[in-house]
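Here is a structure to read through by question and answer. Please look it over before going on.

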Amino acid sequence: MEAATTIQTVLFWTFSVLGLAGAVGLLFNRNAVYAALSLVLNFFSIAGLYLSLGAEFLAAVQILVYAGAIMVLFLFVIMLLNMQEEKGVFTFDIRRGAAFILGFAFVAEMMVVLKGFWNHEAGGEFTYGKVEPIGRALLTDYLFPFEMISIVLIAALIGAILVARRHTHQEG
Amino acid sequence: MEALLPLVILLPLLGSALVGLGGFLAPGFRKNESLVGLIATAMVAIPFFIIAAAFFQFDGTPIQISLFSWMQAGDLNISFSYEIDQLSLLMGMIVTGVGSLIHIYSIGYMHGDGGYYKFFGYLNLFIFAMNNLIFGDNFVVMFLGWEGVGLCSYLLIGFWYKDMPKAIAAQKAFIANRIGDFAMIIAMIMVFNLIGSLNFSDLNAAVADGSLGDNAMWISLLIFIAATGKSAQIPLFVWLPDAMAGPTPVSALIHAATMVTSGIYLVARLNPVFSASPEVMTIIVIVAALTAVVAALIAIAQNDIKKVLAYSTVSQLGFMFMALGAGAYTAAIFHVMTHAFFKACLFLGSGSVIHAMEHMHTVEDPQDIRTMGGLRKYMPATSTTFWISTLAISGIIPLAGFFSKDEILTSLFLFDESAFSIYKIVWFVATLTAVLTAVYMTRLTMLTFEGKERFPDTKHPHESPASMTIPLWILAALAVVGGFLGLPYLIGHGEFHLLNHWLEPVITNNPAIEENASFGKEIFLILLSTLLAIGAVFFTRNLYRKHGLAADAKVKKAFGGLFRVMEGKFFLDELYNAILIKPFMSIGNRALSWFDNNIVDGAVNGSGTVVANIGESFRKLQSGLISNYLLIITTGVVAMLGYLIFG
Amino acid sequence: MDLHLLGSDTLAIAPLLLLLGVGLLIMLLDSFRVHASIPWLAGLGMLSAGAWAWLAGPSQSQVVFSGMMEAGGISPLVTLFLCLAGVFTVLFVPDYLARHDNKVNDVYALLVFAVLGMVLMANAHNLLMTFIGLETMSMCLYIFAALFKTDTRSNEAGLKYFLLGSFASAFLLFGIALVYGITGTLDLGELSTKITLLQENKALFYVASGLMLVGFLFKVAAFPFHNWTPDVYQGTPTPLAGFMATGSKMAAFVSLGIIIEKLELVSPAVDNRLATVLALTAFLTMVYGNLVAARQTNLKRMLAYSSIAHSGYVLLGLCAPVFGFQAILFYMFIYTLMNIGAFGLLGMAEQRMEDTDIESWKGLGKSSPYMAGAMAVFLFSLAGIPPLAGFMSKYQVFLSAIREDLVVLATIGILTSVVGAFYYLRVIFLMFFQTTEQPSTLNLRQKMAPATGIAVLVLLIILLGVFPSLILDPIRAAFSSDLVIEMASQP
């Protein structure tokens, strides 16, 4: 086995375990700030995975947008609302039980299907994750979807404004 | 001539639009009753004359009229196309002819009613739908008419919808018809699947070349089930007596003369399919015999003039289906025709009586024959025509009913040669029913028109206006002479059975009947039914003349325990309620409410629980519901993927 | 991407750009306080976009923008239908919002963007575009649901729809990702040439398509992904709920239909489990929707469940390739007319919460005969009573199913539609055959725009019932010029 592959395997496992740990931490932490920080860990790990695949641009965006902008907003909200640690012990009602069972069933099903499919040898160099090819793609082949995504953003913006605006009774 | 034929279909539609929309939009037009009546009547009468002209000029080759192509789906082309042939012309004459008379009658009958224009709009729409049903050359156009007449019937039964029972009766009719419709749709699917076409002629041809095989049985069975809905046979007949809640001209037109016979028309139209399935024919004949006798027995014990006539209609429809079941299609159509004459006359006569009783304002129920009696003195025209029709339906020679009923009885008797077969039993039941018919009709007429007056004599009833009595006279005249269109086989070996000759190209009757015929048997049958009918009429007349209303007690005694059952209409409504509706409702309700509460949304109908609790724990409840939904969705996903991977 | 084609490509999708322009213009006008003309602008904008697509769209199908979008073929017709859904909706919205003291003009921009998203989705030639279209549409619909901020129901609806919708979108995205994983492309044309590659990895292909199916089935409210529907419709402003029930379903069904055609998901190949899944879903949806709808006492919820049932019929059509696809396009158009009409009328009647209770429609036939008559037409048509258009559309779908030998399923469909007729008729029964002491408490204000909308819809439903070929012929012509779909469906 080549050294590069070995390093990649090590990186993959490290980031995967860290990412999963972050996700679990998010779910089970009763303190909102800790939960948010767990999410940051998750975001960073995923960025690491991207990086190990050679998708530098994606990794950078992941950190800038998610770990940076969105998480800062989250933390602001948490602090503004002054959220308390949730009371009560961890209850295991039937709904939660069903959710666990279904979750495991889904994962099991996906594992059955994916097992043996993506064990392709990592071959060649990852070139498409660099900034230049992405920029080129966005402005040529993917120009149209790239522009159209802006409508989703506009719609989301309008929505956010509508929900946040104080007066719904606007003079017409 | 041919150029005018599309008008037969289009004029009633135009009339309906003119009268209905005109009345709806222009209050001035609405108030002008004579104009409304005139337009509506003309839109039915003109088609009648066109059909009559076509009838007499008809040269034996069917005329195809295609208005426009309705839909084209690949190789299937369904168009609004109509076939003018012997059978459809005859039915068309009956429908538009009787229809015109009933329109004229309604001008007087509905006078002063707030919904006058609406009534005529519906009537014209009904004629339009009925013409589609009769003239359509494929299942789809026929089905359009089939649904349309059902809809009009629904609208007209509930016409006076101020009282609840009438509205409920309308719904009952609709539900019974929908059950039949379902069978019809399945039949259509089968036909399309088997022969790739929905044309009647293609289906009949497919039977002829044997490509249908056993499926003919299923198709005919399904069409018969559909017919039991529309033509009121066991087990779906319960709606027809309740449908009498509608205005009387409607009962005469839709629930006696035309719509209820559409099942018989359809069977006759598809006679090769039915002839190819003897098992279904046996089922038909048994169901029909049961219907005929049960309805006749119920009719004896009823005191509502329209209810008696309604059960009588069910019973007579049973006769027609018995004829179909024996393969005597011509006899069935013959009886459709004569029945249209005398039953329309009877219904319109009853309408005239009800009209008179209502205007006295002294009796509580203007339809109860126990409060009538002696009306002949006041209503000579009504009573004479009513008597003629009563004798006609009872099968008194030489009135119309005698010929058609005799032909049916003969066909049943001659179906096979064995002395004891299903058809012989059915023949016996039919003969018995014929006697019962004479009994209940004579009872009805005697109690209504003869004997002492049983209403308060402060006021007198009056004869109805000419617009109502003229149709009565015409129909009574037809009830007298109508039978001569089909003189028995006995006379000149069927040479004088004009109807048979006319329908020969489109209808193939069961040949066994003719083969089994002999002079002796026919004379015996004719004499038997004549004597029985005359005897029954005379016996009943004398009984009621002597005892008046008290004769009912004697009848009751004669029938013993059975009378209780007859009075209760064989408790069929109760039976259906107990074995079908109630268990279904209670199990269904229980299951569904459990389902609602535990599975569906946790909140049915305005999410009551959510809103009720919204104040106290909005967030908790919300997340609860959403995670329920998520669980259901995920269960779906996991199950689907599980099947896709391992299934 | 060939930059030389940029001009002609742009021209081919001009209606889309027109919609985009109109939406932005509305936002601009709103910020300059030019309010009165906004609904008109939205309506006319969508109308002209639809007309443009229909009249000036390319006749033969072609792919533009590096295979992202399809122009020509069935897309002009689909664009027209979707725009019409928007136009009819906009006729009812201003009056409804004014009555509820809510004059948020952004709604119109969102409506236009929603139509834009639907058009993107239905005309996409690349799964990425499908997803973007779906998200654009969904984003606008989420906001519609949450429009009335002071109404708890509306809050509830918005939250539910958003959370569940995102959940379903995630499945769709996962499915798309798996397809990319197998084939390395998202281009539908390219995918259809890689069918063998897909079929080699059978289990994975099944799972990928199954996951995509979940995303679509959620949007069209098919069992068991339906349960958001009644709650969300109930909380959404009524005319917009009508739009939600029609436009989004049409877009989702067309998109699903294209994917089914191109990936041969229900091809009669041996052991095709996806076909079974689709058939089973159709069966459950028809049965469930009709049975539960019959138990509703609230008209809006009844219509919601009825829309679930209708999705079942459309799914039935999807089980039958090509011919069924034509039938469902017809079905969805007719369904759009009927449902926008029914919801619109409901909105006109609605002043208080109780007004959507079926009981309060008692005796409406007496107090407002025109409106009750129009409602009766919509309901009769929804019930599939001939000769109204609703009968014809059901007939087409059942016929297409029968042609593919799905006789049992079609029979069940017909049976459930007979059951379905009862609950529609119950409303008609209440309106016309039941009179209470007082006339109906509903106060149907007949403003010009909504009344015109109702009249046009009623006329269209009657007209298309009698002359269905007015729509069927263009649909057939569009399909025969759609080379891509035809090619994929050839054996």
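Predicted model: local features only at pLDDT ≥ 70, side-chain atom pairs only at ≥ 80, totals over all residues.

Residues are numbered from 1 along each chain as its sequence is written, while chains are lettered from A and ligands numbered from 1 in the order in which they are written.

Q: Are H2(A) and H3(A) roughly parallel or roughly antiparallel to each other?
A: Helix H2 (residues 32–52) and helix H3 (residues 56–81) of chain A pack with their axes 8 Å apart, at an angle of about 175°. Angles over 145 degrees count as roughly antiparallel, and those under 35 as roughly parallel. The two helices, H2(A) and H3(A), are therefore roughly antiparallel.

Q: Where is B:Pro398 found?
A: The peptide bond from B:Ile397 to B:Pro398 is cis, with omega near 5°. B:Pro398 lies in chain B, in the loop between helix H17 (380–394) and helix H18 (400–413).

Q: Is C:Phe65 buried or exposed?
A: Phi of C:Phe65, a residue other than glycine, is positive, near 55°. A residue is buried if 20 or more other C-beta atoms lie within 10 Å of its own, and exposed if 12 or fewer do. C:Phe65 has 26 C-beta neighbours inside 10 Å, so C:Phe65 counts as buried.

Q: What is phi of C:Ala221 near?
A: C:Ala221 sits in the loop between H10 and H11 of chain C. Phi of C:Ala221 has a positive value, near 60°.

Note on methods. Axes fitted to C-alpha atoms, helices over the stretch in contact; angles between N-to-C directions. Helix = DSSP H or I, 4+ residues; strand = E, 2+ residues; numbered from the N terminus. Parallel < 35°, antiparallel > 145°, perpendicular 65-115°, else oblique.
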